[in-house]
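I opened the model to take a few notes on it. The entries follow in the order I looked things up.

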Amino acid sequence: MQILLSLALLAITANAVCTKITVRREWGQLSAADKNAYIAAVKKITARPMSNQYKDPTKMSTDDFSTTHAANAHWAHANAEFLVFHRAMLRLYEKALESAGWTGGLIYLDEGAVPTTWNKLDLFSKDYFGSLTRTQQCLTDGQFSKASGFVDLGDNGRSCVTRCGSGTMWSAKYIAANVLSTATTYEQLRGDDTANYHGTGHMVMGGNCDMGNPLWSPRDPLFYLHHTYVDKIYWKWQQLCPTYVTDYEGNLSAGKNPNPLLGNSRPVSPTLPLDSWVGLTAADVFDTKNDFLCYTYSKSAGDIDYTAAKCPKGQTANTNPWATNGTKTRRQDETRLAKRAATKLPSGSVTVAEGINGTSQVQVTCASKTSNYIIPAGCVIHKSFCSHISVKPANSEVAKKDSHCPMVIRPACEKETDYVRADNLKAPEPTSVYQYPTFLTDKQIRVRNMDHCGVRASDVNVMRLVDELNAGLRV
């Protein structure tokens, strides 16, 4: 009775309207003093011993957050729970920071405003989060560097933070045009979270280092600026139509349905408990104005005007919070929407056979197309789609320490991806003018959600070309 009463009180608190709302700000909107104060609070909760519990954030260490994210990574990504799981995680992390003296709310990095110049921000400098380094090299400067004494828990125990990203992120215009102005359901908004602005942010800023690790990315403090930005996009979408605040659909449990964006057999429910976060359900984190969340977001450079889709079922649209010319609502063609709703998803089947060295061979038939996959040893199917599959560790305990099971696997290659040098070709010598370029590793391809077949086929062509040049067969 006591436990039930406590949970009931928590639910009442979570759904009450807050009285003092926190405004989460963009990194560039902070003063130097605030930036340092935020970092000081992060370091303070990182220095705490692990509490091994997830109910009281005032006792939680950064290591607690990293550990539970690693344990639940394969269930909280590529999954309907993705946005609400991370929203709950962020709020508890925010409360942990509050208990360490920081009351300025979570901070986000407006990635859409700086898609190509993000690495030039003062955030990535010796004054704050530290400069980018080479693969698997400890941060050499900044307040989270090895020299500063900062270490936290990762897949190799407590160690220094690594960060070695590069590339271009999704721009604000691209997010507005391809996400915010088109999504009319929660699942459309979430999309493929392993490859959209969320997955790209991890890949671009993390590379083959901590932020690029699908399990242990929270060990890099940059994780929380990135995910607060992802949450802001979710929040912006919720403001557009009355029902968007509580819209929640999709599936959770592992399944074998190869239909696009389905892949599971257990539908979500707002009242189901969220993984890890004791006493919280999805419904408790829908409305950011309730007493548990109690936050909003500042306007930043990436908050551009866009034309929103018409609200479902004839609802009156809310105001685009960042539109400079008032509400912008596009009336989509009703016939086209009805036709889309009536379109049947392709049927399909999945066949699994034992492979060599503990691997599994998977064949997915979707409509008239058949795709073949090879699943690494120790991994099993998590979800299957027409275009790809995702896998998870066969033993759930392995997920806490092993990240070798990829989030996404593309179909087996039909192109030449293993290079065999012909007898008339010559490999480059150390002093040769013609050398092989640096190729991406399998892990780098995987975390970037790139086409493995296409990349490796290109590598083969490059290696053959270099060998032909060294053999004198090309000028």
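What share of the contacts in the protein with a separation of 6 or more comes from residues 24 or more positions apart? I found 65%, where contact means heavy atoms within 4.5 Å.

Entry on the source. I note that this is a predicted model, in which local features need pLDDT of at least 70 and side-chain atom pairs count only at pLDDT 80 or more, while totals for chains, interfaces and linings use all residues. Residues are numbered from 1 along each chain as its sequence is written, and side-chain values use heavy atoms, with hydrogens and water left out.

Entry on the whole protein. I listed eleven helices and ten strands; these are DSSP runs, numbered from the N terminus (helices H or I, at least four residues; strands E, at least two). Of the 475 residues, 51% are buried, meaning under 20% relative accessible area with a 1.4 Å probe, protein chains only. The accessible surface comes to about 21300 Å², and 55% of it belongs to carbon and sulfur atoms; the areas come from the Shrake-Rupley method with a 1.4 Å probe.

Entry on H4. I looked up helix H4, residues 82–99, and found that its 18 residues reach 26 Å from first C-alpha to last, close to the 26 Å expected. The expected span is 1.5 Å times one less than the number of residues. In H4, 15 of the 18 residues are buried. Just after H4, Gly101 takes a positive phi of about 105°.

Entry on H7 and H8. How far apart are the axes of H7 and H8? I read 10 Å, with helix H7 (residues 197–206) and helix H8 (residues 222–238) packing at an angle of about 160°. The angle makes H7 roughly antiparallel to H8, a label for angles over 145 degrees. Axes are lines fitted to C-alpha atoms over the stretch in contact, and angles run from 0 to 180 degrees between N-to-C directions. Residues of H7 that meet H8 include Tyr197, His198 and Met205; among those on the H8 side are Leu222, Phe223 and His226.

Is Met205 buried or exposed? Met205 is buried, with a relative accessible area of 0%. Its contacts beyond four places in sequence include Leu109, Trp118, Phe124 and His226. Met205 and Gly167 are 38 residues apart in sequence, yet 7.8 Å apart C-alpha to C-alpha. Gly206 also lies in H7 and is buried, with a relative accessible area of 0%. Gly206 touches Cys164, Gly165, Gly201, Met211 and Gly212, not counting residues up to four places away.

Definitions and conventions: Buried < 20%, exposed > 50% of the residue type's maximum accessible area, 1.4 Å probe, protein only. Parallel < 35°, antiparallel > 145°, perpendicular 65-115°, else oblique.
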